[in-house]
Amino acid sequence: MRFALPDLAAVARLGGAVAERLRPGDVVAMSGSLGAGKTTLARAIIAALGHGGEVPSPSFAIIEVYGPPELRLPLVHADFYRLSDPREVAELGLDEYRDGAVLIAEWPEHGGGFADEPGCLSIALELVGEIGDSGRFAIVEGGADWLTRMPMSDIASVTLPDGADHFLAAAGWGGAAVEPLIGDASFRRYFRVRRGEESAMLMDAPPPAENPEPFLRAARWLDANGLRAPRILADDTTRGLVLLEDFGAARMRDYLDEWSGDEQEVYRAAVDTLAELHRLPAGPFPDYGIHEYLREARLLTEWYCPAQRLAVDAAGYVSAWESVLAPMLPRQRPGVTVLRDYHAENIMLLGGLQKQGLLDFQDALAGHRAYDLVSLLQDARRDVSPALEAEMIGHYLRTTGVAREEFLADYARLGAQRNAKIVGIFVRLWRRDGKPRYLELIPRVWALLERDLAHPALAPVARWFDANIPAELRTAGGGAFPA
């Protein structure tokens, strides 16, 4: 599972929880970029096993050995970063040291990998760039034996934010069972809180990296206007804690993965929800203006192009976008509420396919009615066929009575702008935040971008792409990145 460690104290708590459950012969394989905290976690484990002195980094010696009587069991701490060939592990005599000992392996991939060994617990650490060295995500993988040794409740005790017990007690949920849920690209964390047959969701949005107030404002506005956002049960904005209504586990994405035959009905209901939202005057949100559109579009030239080592005309890129977006701006006034991340992973199915709950709307703005439709139908994480996309656009136009040709041109404009932004964001998540899994999503997004660029309304931006992005990268769906 993937969960957040908001500070170094949480890293130490994770180390202590792992140490309590180690047995002779176990392997703790720690991966992550330089500075991600592998050695910090290793030191926490070794200290929790009883070592009271200094724990030197084994980056030079490669292997450091510890044992009883100081530790409760023998332990080998290895750092394989400097190895160029996994066969060098045998030359170090590692097998001799490992007899009956725990192995803590940093950079395990350089040592040949250990994931297939019985008793291996793999921990990947990811830095969170927005808050420097203090915050990390951890991805923990282990076999069935580790599920028994370290259940979800123990992970919750490691990661539960400071003050959460008092907050839950004040909200009437004292003593409730708490279990962490898998996180997303942000530093927000979620826990399911259970009290008998009842359940709620605890959101941890720790300042200064996160601020729950925009979420609270949007949730209350949506709820007051008949849309199904989670109801707020309690909040403490100074700590970043919010207790929410639990929408359950029936997420649109997961449901359609299993019941693809219901795709048309589910997407139609999602479009109807947007149409209902767009009948309302825009909520109390900032305008989605030209400066924000351009800031987002520039993420492609700021992150994707340097990663591909492309020298591009950045000023011409902005100028092309200004000319493309200018005709659209008058049509988005006075605007509708734009949720900005309205797609299959942020829509919950509540007691039937027609009743849908909304998630992830804290960045809402007042903008163009086409934006969230693009977000839904040009999904970065799920394939939506061109036929279904066209059918759902037609359903939206019939439901709202919006003029077709102008709307389709604006839909293409916003589709290209959004997809260019997402390519930049996914590269940033890889290069800055150490999250390479987002790279595999870029070919889908790039293909959507190419489709949008084919619309005549995008001609200036399309010409810029033709002049600045090599054809071999575009036909390869964004292309592989240089080492």
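**Exercise 1. Strand E10 and its neighbours**

Task: How many bridges join E10 to strand E12, and which residue of E12 stands opposite Leu202?

Solution. Five bridges join E10 to strand E12 (residues 241-245), and the two run antiparallel. Strands here are DSSP runs of type E with at least two residues, and helices are H or I runs of at least four, numbered from the N terminus. Two strands pair if DSSP finds at least two bridges between them. Leu202 stands opposite Leu243 in E12.

The model is predicted: local features need pLDDT of at least 70, side-chain atom pairs count only at pLDDT 80 or more, and totals for chains, interfaces and linings use all residues. Residues are numbered from 1 along each chain as its sequence is written, and side-chain values use heavy atoms, with hydrogens and water left out.

Next, take strand E9 (residues 189-195), which pairs with E10 in the antiparallel sense over seven bridges. In this pair, Tyr190 stands opposite Met203 in E10. E9 and E10 form a hairpin with two residues between them. In the turn, Gly196 has a positive phi of about 65°.

Last, consider burial. Buried means under 20% relative accessible area, exposed over 50%, and partly exposed in between (1.4 Å probe, protein chains only). Five of the seven residues of E10 (residues 198-204) are buried, and the strand is mostly covered.

**Exercise 2. Arg228**

Task: Where is Arg228 found, and is Arg228 buried or exposed?

Solution. Arg228 is found in the loop between helix H8 (213-224) and strand E11 (232-236). Arg228 counts as buried because its relative accessibility is 18%.

Now list its contacts (heavy atoms within 4.5 Å). Leaving out residues up to four places away in sequence, Arg228 touches Glu245, Phe247, Leu350, Lys355, Gln356, Gly357 and Leu358. With Glu245 there is also a side-chain polar contact of 2.7 Å. A polar contact is a pair of N or O atoms within 3.5 Å; within protein, one must be able to donate a hydrogen and the other to accept it, and residues adjacent in sequence count only if both atoms are side-chain atoms.

**Exercise 3. Helix H14**

Task: Which residues of H14 are buried, and what covers them?

Solution. Start with the span. Helix H14 (residues 386-400) has 15 residues and reaches 21 Å from its first C-alpha to its last, close to the 21 Å expected at 1.5 Å a residue. The expected span is 1.5 Å times one less than the number of residues.

The buried residues of H14 are Leu388, Glu389, Met392, Ile393, Gly394, His395, Tyr396 and Leu397. Their cover includes helix H10 (263-278), helix H13 (371-377), H15 and helix H16 (442-453). Just after H14, Gly401 takes a positive phi of about 75°.

**Exercise 4. The nonpolar cores**

Task: Which residues touch the most other members of the largest nonpolar core, and which helix gives the most to this core?

Solution. A nonpolar core is a set of buried Ala, Val, Leu, Ile, Met, Phe, Trp, Tyr and Cys residues joined through side-chain atoms within 4.5 Å. The largest has 93 residues, of which Tyr267, Leu300, Tyr304, Trp321 and Phe465 touch the most other members. Helix H15 (residues 404-431) gives the most to this core, with 12 residues.

A second, separate core has 31 residues, including Phe3, Val11, Ile45 and Leu71. Val11 is also one of the buried residues of H1.
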